[in-house]
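Please examine the sequence and the model shown below. The paragraphs that follow lead through the pairing of strands and then through the aromatic rings.

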Amino acid sequence: GQGSAQMPMSWKQGKMMRGGHHRGGGLRVTPAQHLSIDDVSHFFAHRLERRGNKRLKLGEVKQKDENTITAEIVTVDGSLVQVFEVDRHSGLAKRAN
């Protein structure tokens, strides 16, 4: 799409389709190396879209530190539901709250 010159669209779509549950019961954002805020945003936005809950949306996604990106899931009126911490190197996402 427009503005996605950094990565081919097919790679981006494949990445979103592969992301999901792994054996530990947590989530993994893939590919799992040097994830960006955009990678994490796309993963959680797509995950919320697949779940089909119109009351939830992606909130703030930001870099917490060198190794961690946080993603907030909020209600449509802005109430915080869940915060995930994503390891930028392994791709593992865990609940932070």
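R28 has L92 as its bridge partner in β6. This belongs to the antiparallel pairing of strand β2 (residues 27–28) with β6, which extends over two bridges. Strands here are DSSP runs (E) of at least two residues, and helices are runs (H or I) of at least four residues, both numbered from the N terminus; two strands pair if DSSP finds at least two bridges between them. The model is predicted, so local features need pLDDT of at least 70 and side-chain atom pairs count only at pLDDT 80 or more, whereas totals for chains, interfaces and linings use all residues. Residues are numbered from 1 along each chain as its sequence is written, and side-chain values use heavy atoms, with hydrogens and water left out.

Strand β6 also pairs with strand β5 (residues 80–87), again in the antiparallel sense, over three bridges. Within this pairing, K94 in β6 is the bridge partner of E85. The two strands form a hairpin with four residues between them, and in this hairpin G91 takes a positive phi near 85 degrees.

R95 lies in strand β6, which covers residues 92–95. Which residues does R95 contact, leaving aside its neighbours within four places in sequence? They are Q82, V83 and F84, where contact means heavy atoms within 4.5 Å. R95 and V83 are twelve residues apart along the chain, and their C-alpha atoms are separated by 5.9 Å. R95 counts as exposed because its relative accessibility is 61%; the classes are buried under 20% relative accessible area, exposed over 50% and partly exposed in between (1.4 Å probe, protein chains only).

A further hairpin is formed by β3 and β4, with two residues between them. Strand β3 (residues 56–65) and strand β4 (residues 68–75) run antiparallel and are joined by seven bridges. In this arrangement, K57 stands opposite V74 in β4.

The aromatic rings come next. A search of the whole structure finds two aromatic pairs. One of them is formed by F43 and F44, which are edge-to-face, at 5.1 Å centre to centre and with 90 degrees between the planes. Rings of Phe, Tyr and Trp (its six-membered ring) pair if their centres lie within 6.5 Å; planes under 30 degrees apart count as stacked, over 60 as edge-to-face and the rest as tilted. F43 is buried because its relative accessible area is 4%, and F44 is buried because its relative accessible area is 0%. Ring pairs link F43, F44 and F84 into a cluster, and F84 is also among the residues in contact with R95.
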